Amino acid sequence: MRTGYSGGGYSSTSASKEDWSGIDIKSVLSLGYGPINQTRLEQLVQSGEVTYEVINGVIYFRKVEKTSENSNSGVKSDGGGGGASW
């Protein structure tokens with residue numbers, strides 16, 4: 001699916017047949033989008049809804065957690081910030 005990690009960007013190969021080798025499929029399915037293709041997975045990463053991490057040459061995906069508008073301090077979130085929690 002990926003040819004390299006230069007620039008930290010995520011990009012799929014131009015191969016006609018999807019190659020899922022090196023990708024943790026369980027992490028893809030656990031995103032909650034059901035079975036998705038690599039193009040959709042790439043769109044989710046580029047939109048910031050999903051992030052990934054490479055561990056021992058295997059790519060693991062996870063949803064980026066959105067912050068709640070109700071925090072414990074009683075201050076409303078402006079919607080900024082957030083990020084993945086591993």
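Visitor: What makes tyrosine 52 and phenylalanine 61 count as buried?

Guide: Buried means under 20% relative accessible area, with over 50% called exposed and anything in between partly exposed (1.4 Å probe, protein chains only). Both residues get the buried label. One caution: this is a predicted model, where local features need pLDDT of at least 70 and side-chain atom pairs count only at pLDDT 80 or more, while totals for chains, interfaces and linings use all residues. Numbering starts from 1 along each chain as its sequence is written, and side-chain values use heavy atoms, with hydrogens and water left out.

Visitor: Why is the aromatic pair of tyrosine 52 and phenylalanine 61 called tilted?

Guide: Rings of Phe, Tyr and Trp (its six-membered ring) pair if their centres lie within 6.5 Å; planes under 30 degrees apart are stacked, over 60 edge-to-face, and the rest tilted. Here the centres are 6.1 Å apart and the planes make 50 degrees, so the pair qualifies and falls in the tilted class.

Visitor: How do you know that the charged end of lysine 63 sits over the ring of tyrosine 33?

Guide: The rule wants NZ of Lys or CZ of Arg within 6 Å of the ring centre and within 35 degrees of the ring normal. Lysine 63 comes in at 4.8 Å from the centre. Arginine 40 also lies over the face of tyrosine 33, at 5.9 Å from the ring centre.

Visitor: Why is asparagine 56 called exposed?

Guide: Its relative accessibility is 78%, so asparagine 56 clears the cut-off for exposed. Asparagine 56 lies in the loop between E1 and E2, and its phi is positive, near 55 degrees, though the residue isn't glycine.

Visitor: What makes Gln38, Leu41, Glu42, Leu44 and Val45 of H2 a single side of the helix?

Guide: H2 spans residues 38-47, and those five are buried. They cover an arc of only 160 degrees around the axis, so they share one side of H2; the arc is taken from the directions from the helix axis to the C-beta atoms. Helices (H or I, at least four residues) and strands (E, at least two) are DSSP runs, numbered from the N terminus. What covers these buried residues includes H1 (25-29), E1 (50-55) and E2 (58-63).

Visitor: How do you know that asparagine 37 caps the N-terminal end of H2?

Guide: A side-chain oxygen of asparagine 37 lies 3.2 Å from the backbone nitrogen of threonine 39. Past H2 comes glycine 48, with a positive phi near 90 degrees.

Technical notes:
Contact = heavy atoms within 4.5 Å. Polar contact = N/O pair within 3.5 Å; in protein donor to acceptor, adjacent residues only side chain to side chain.
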